[in-house]
There are 2 protein chains.
Amino acid sequence: MSSAPTPRTRIRRIPDNADYQRATLHAILDDGYLCHIAFTDEAGGAHCLPMAYWREGEHLYIHGSNGSRLMKRLAGGAEVSIAVSHLDGLVLARSAFNHSMNYRSAVIYGVFEKVEGEEAKSAALDAFMHHLAPGRENEARRGSPQELGATIVLRISLAEAAAKLRTGGPQDDEKDLAIATWTGVLPLRVMRGAPEPATDCPVSAPDYVQAWIS
Amino acid sequence: MSSAPTPRTRIRRIPDNADYQRATLHAILDDGYLCHIAFTDEAGGAHCLPMAYWREGEHLYIHGSNGSRLMKRLAGGAEVSIAVSHLDGLVLARSAFNHSMNYRSAVIYGVFEKVEGEEAKSAALDAFMHHLAPGRENEARRGSPQELGATIVLRISLAEAAAKLRTGGPQDDEKDLAIATWTGVLPLRVMRGAPEPATDCPVSAPDYVQAWIS
């Protein structure tokens with residue numbers, strides 16, 4: 001897909017930074033753990049909340065407690081807008097005006113649907129675990145019927161989604177090129193630190209823990 | 001302040017993780033560059049967009065083009081909800097159900113106000129530059145009257161804000177303690193990479209660039 005799927009996913013501000021390729025969208029989603037979800041309450045008030053998420057195919061998944069007001073609202077057909085953003089660097093130009101940021105972001109519009117049934121919920125949560133630490137899903141105790149019953153799993157189609165990104169150095173105006181100030185990029189990157197076993201951790205680190213540190 | 005400023009900033013889900021101290025809120029905001037803003041359009045549809053931000057005292061600031069629909073909407077009195085979130089680690093427990101994440105997050109509610117006047121806008125944008133790279137505000141060319149005229153600077157009070165955070169290791173159920181699987185935290189941290197000067201960068205790295213890498 002090389003154009004916006006719908007009018008509200010068409011990038012208007014700096015359209016050259018838009019990217020409607022599925023592979024770009026998937027890579028941005030697969031590179032993160034936290035999304036931000038915008039939704040309205042019954043009175044029309046806007047809310048923005050961070051949530052853990054994972055992707056499977058053409059859906060983004062979240063989960064939460066079935067006692068949560070948020071999950072009830074999201075499961076009840078509320079229209080949502082979801083953003084996943086990675087900040088890759090600060091871009092320092094010769095003029096304040098041309099300063100920028102390098103980033104990769106995705107925005108999804110739509111309505112969540114409930115993943116129903118113990119088996120489907122358990123499989124979805126296995127996929128979440130696999131996203132967090134591949135292999136972990138075979139070692140942690142899976143959810144009991146009671147725990148699965150207390151958990152809502154929701155998914156939303158990626159049909160209405162768009163990605164936007166900026167890479168590269170500063171773009172100075174011709175007239176500013178004589179200004180003798182440092183220009184370039186200050187990179188930012190999410191790094192994985194050394195695993196911290198719990199004080200009562202009963203076993204040595206398995207492969208997926210040893211492979212964690214980057 | 002040791003309690004929620006308003007009903008909508010009272011943390012209902014896992015209230016033990018709430019923190020209503022100003023210093024906590026400020027530290028969370030000062031540790032980031034990107035916020036996510038939820039707002040509704042004229043038809044009531046929810047939108048979630050990432051934006052660069054900075055803090056000065058008891059206000060969070062954003063800026064953007066005065067040609068942007070988003071900025072016009074935000075400047076026009078739309079009620080917003082803003083989230084700033086830092087993911088600090090994945091928490092691996094013995095059961096899937098007790099897996100968690102360590103994070104620091106802040107949510108702000110309110111309405112933006114416009115920063116009016118060339119001088120006030122320029123001072124606010126200097127503060128932004130200082131947040132990005134302290135000292136940079138004295139080296140980059142400041143905005144011209146034309147550039148400042150094309151820029152909207154907005155700020156929102158932190159009066160209605162709350163922070164939430166989780167730290168520490170997994171909390172396993174008593175009944176799961178015999179399960180022999182690795183438990184602990186897989187840390188995540190935003191790191192600063194080596195500065196990348198532009199190919200035509202005219203000077204060597206000043207102190208604030210040399211101090212960037214962590």
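## Exercises on a predicted two-chain model

W54(A) has 0% relative accessibility, so W54(A) counts as buried. The model is predicted. The exercises start from this residue.

**Exercise 1. Find the ring that stacks with W54(A), and state the geometry of the pair.**

Step 1. Four aromatic pairs turn up over all chains of the structure.
Step 2. Pick the partner. W54(A) pairs with F128(A).
Step 3. A pair of aromatic rings is described by the distance of the centres and the angle of the planes.
Step 4. Read them off. The centres are 4.4 Å apart and the planes make an angle of 20°. Stacking requires planes under 30 degrees apart, and the pair is stacked.
Step 5. Locate both ends. W54(A) sits in strand β4 (residues 54-56) of chain A, and F128(A) in helix α3 (residues 118-132) of chain A. They are 74 residues apart, so the pair links distant parts of the chain.
Step 6. Check the partner's burial. F128(A) has a relative accessible area of 9% and is therefore buried.
Step 7. Ring pairs join Y61(A) to W54(A) and F128(A) in a cluster.

**Exercise 2. Describe the pair W54(B) and F128(B).**

Step 1. Geometry. W54(B) and F128(B) are stacked, at 4.4 Å centre to centre with 20° between the planes.
Step 2. Placement. W54(B) belongs to strand β4 (residues 54-56) of chain B and F128(B) to helix α3 (residues 118-132) of chain B, so the pair ties together parts 74 residues apart in sequence.
Step 3. Burial. W54(B) and F128(B) are both buried.

**Exercise 3. Which arginine lies over the face of W212(A), and which over that of W212(B)?**

Step 1. Chain A. R192(A) lies over the face of W212(A), 4.4 Å from the ring centre.
Step 2. Chain B. R192(B) lies over the face of W212(B), also with 4.4 Å to the ring centre.

**Exercise 4. Work out the strand order of the open four-stranded sheet in chain B, and find its edges.**

Step 1. Order. The strands of this chain B sheet run β4-β5-β9-β8, with antiparallel pairing.
Step 2. Edges. β4 and β8 (113-114) of chain B each have a single partner strand, so one side of each lacks a neighbour in the sheet.
Step 3. The β8 end. β8(B) pairs with strand β9 (residues 151-157) of chain B in the antiparallel sense, over two bridges. K114(B) has L154(B) in β9(B) as its bridge partner.
Step 4. The covering helix. α3(B) lies across β4, β5 (59-65) and β9 of chain B, at about 115° to β4(B).

**Exercise 5. Is I28(B) buried or exposed, and which residues touch I28(B)?**

Step 1. Place. I28(B) lies in helix α1 (residues 22-30) of chain B.
Step 2. Burial. The relative accessible area of I28(B) is 2%, so I28(B) is buried.
Step 3. Neighbours. Not counting residues up to four places away in sequence, I28(B) touches Y53(B), V84(B), H86(B), R104(B), S105(B), A106(B), A163(B) and L165(B).
Step 4. A contrast. T40(B) is 12 residues from I28(B) in sequence and 25 Å from I28(B) in space, C-alpha to C-alpha.

**Exercise 6. Which residues of helix α1 (residues 22-30) of chain A are buried, and what covers them?**

Step 1. List. R22(A), T24(A), L25(A), H26(A), I28(A) and L29(A) are buried.
Step 2. Cover. The cover includes β1 (18-19), β4, β5 (59-65), β6 (79-92), β7 (100-111) and β10 (161-166) of chain A.
Step 3. Whole chain. Chain A has five helices and 12 strands. Of its 214 residues, 50% are buried.

Methods:
Residues numbered from 1 in each chain as written. Chains lettered and ligands numbered in written order. Predicted model: local features only at pLDDT ≥ 70, side-chain atom pairs only at ≥ 80, totals over all residues. Heavy atoms only, no water. Phe/Tyr/Trp six-rings, centres within 6.5 Å; stacked < 30°, edge-to-face > 60°. Buried < 20%, exposed > 50% of the residue type's maximum accessible area, 1.4 Å probe, protein only. Lys NZ or Arg CZ within 6 Å of the ring centre and 35° of its normal. Pairing = 2+ DSSP bridges. Contact = heavy atoms within 4.5 Å. Axes fitted to C-alpha atoms, helices over the stretch in contact; angles between N-to-C directions.
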